[in-house]
Amino acid sequence: MKTRTALAALTLTALALPLAGIAPATASGGGGGVRTHGGCQGAAVWKLKAKPDSGRIEVEAEVDSNHSGQVWDWTLKHNGSVSSKGSNKTHGASGSFSVNRRMTNLSGTDHFVFRAERRATGDVCRGTISL
C-alpha cells in the first residue's frame, strides 16, 4: 500500500511539474480596473493591468526577469487583433520592462492578450485580462 501511495504521488508530481510555468493567473479588481499576473517559461514573471481612462482603456504590461539587458519581443492583442508590438530591453536593478498603451474602449467586454518572447532563449510570457 505504501508503494502504491508513493507511486501515485510521484506520478502526480511528474504530471504537474510541466504546468508549473503556466499556472493560471489571478485577477483582482478595484478602482474600476483589473490586475493579473503569472509566471513565464524560465524565471521571469509578468503583470498585466487594465483600467478605464477618459473613455479609453489604459493597459500596462510588465515583464520582470531580474536580469538587466535581455531583449524581449512583445505583442499586445485587443479582442484578437494585434494592436501594438515591439521590442524592449530589461533594465535597472529589477531587470524589467513595461509597455503602456491607451486602447479604444469597444462595446462589450474588451479582451487583451500580452505575449513576450525572450530572443536569446525563446522563453515566453503570456497573460490575458478582460475589462
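In what order do the elements of the protein run from the N terminus on? I read them off as α-β-β-β-β-β-β-β-β-β. I keep in mind that this is a predicted model.

**Entry 1: overall make-up**

Next I looked at burial. Of the 131 residues, 27% count as buried. The accessible surface comes to about 8000 Å². Carbon and sulfur atoms hold 54% of that surface. I also checked contacts between residues at least 6 apart in sequence. Of these, 49% join residues at least 24 apart.

**Entry 2: the sheet**

I looked up an open sheet of four strands. Which order do its strands take? The order is S6-S5-S8-S9, and the pairing is antiparallel. I noted the edges: strand S6 (81–89) and strand S9 (124–130) each pair on one side only. From one strand to the next, the twist averages 15°. As background, strands of a sheet pair through backbone hydrogen bonds.

I then followed one pairing in detail. Strand S8 covers residues 111–118. How many bridges join S8 and S9? I found seven, in the antiparallel sense. One bridge I can name: histidine 111 has serine 130 in S9 as its partner.

**Entry 3: the disulfide**

I searched for disulfides and the count came to one. Which cysteines does the disulfide join? It joins cysteine 40 to cysteine 125, with S to S at 2.0 Å. The two cysteines sit 85 residues apart, so I checked where each lies. Cysteine 40 is in the loop between strand S2 (33–39) and strand S3 (45–53).

**Entry 4: the core**

I turned to the largest nonpolar core, which has 21 residues. Which residues have the most contacts inside this core? They are Val59, Val63, Phe97, Phe114, Ala116 and Cys125. Cys125 is also the disulfide partner of cysteine 40. I listed the elements that give two or more residues: S3, strand S4 (56–64), strand S5 (71–78), strand S7 (96–104), S8 and S9. S4 gives the most, with four residues.

**Entry 5: two positive phi values**

I went through backbone torsions last. Most residues other than glycine have a negative phi. Serine 54 is not a glycine, yet its phi is positive, about 50°. I placed serine 54 in the loop between S3 and S4. Why does serine 54 count as exposed? Its relative accessibility is 69%, and exposed means over 50%.

Asparagine 79 also has a positive phi of about 50°, and it is not a glycine either. Where does asparagine 79 lie? I found it in the loop between S5 and S6. Its relative accessible area is 35%, so asparagine 79 is partly exposed.

Technical notes:
Residues are numbered from 1 along each chain as its sequence is written. This is a predicted model: local features need pLDDT of at least 70, side-chain atom pairs count only at pLDDT 80 or more; totals for chains, interfaces and linings use all residues. Side-chain values use heavy atoms; hydrogens and water are left out. Buried means under 20% relative accessible area, exposed over 50%, partly exposed in between (1.4 Å probe, protein chains only). Contact means heavy atoms within 4.5 Å. Accessible areas come from the Shrake-Rupley method with a 1.4 Å probe; for residues, only the protein chains shown count as cover. Two strands pair if DSSP finds at least two bridges between them. Axes are lines fitted to C-alpha atoms, for helices over the stretch in contact, and angles run from 0 to 180 degrees between N-to-C directions. A disulfide is a pair of cysteine sulfur atoms within 2.5 Å. A nonpolar core is a set of buried Ala, Val, Leu, Ile, Met, Phe, Trp, Tyr and Cys residues joined through side-chain atoms within 4.5 Å.
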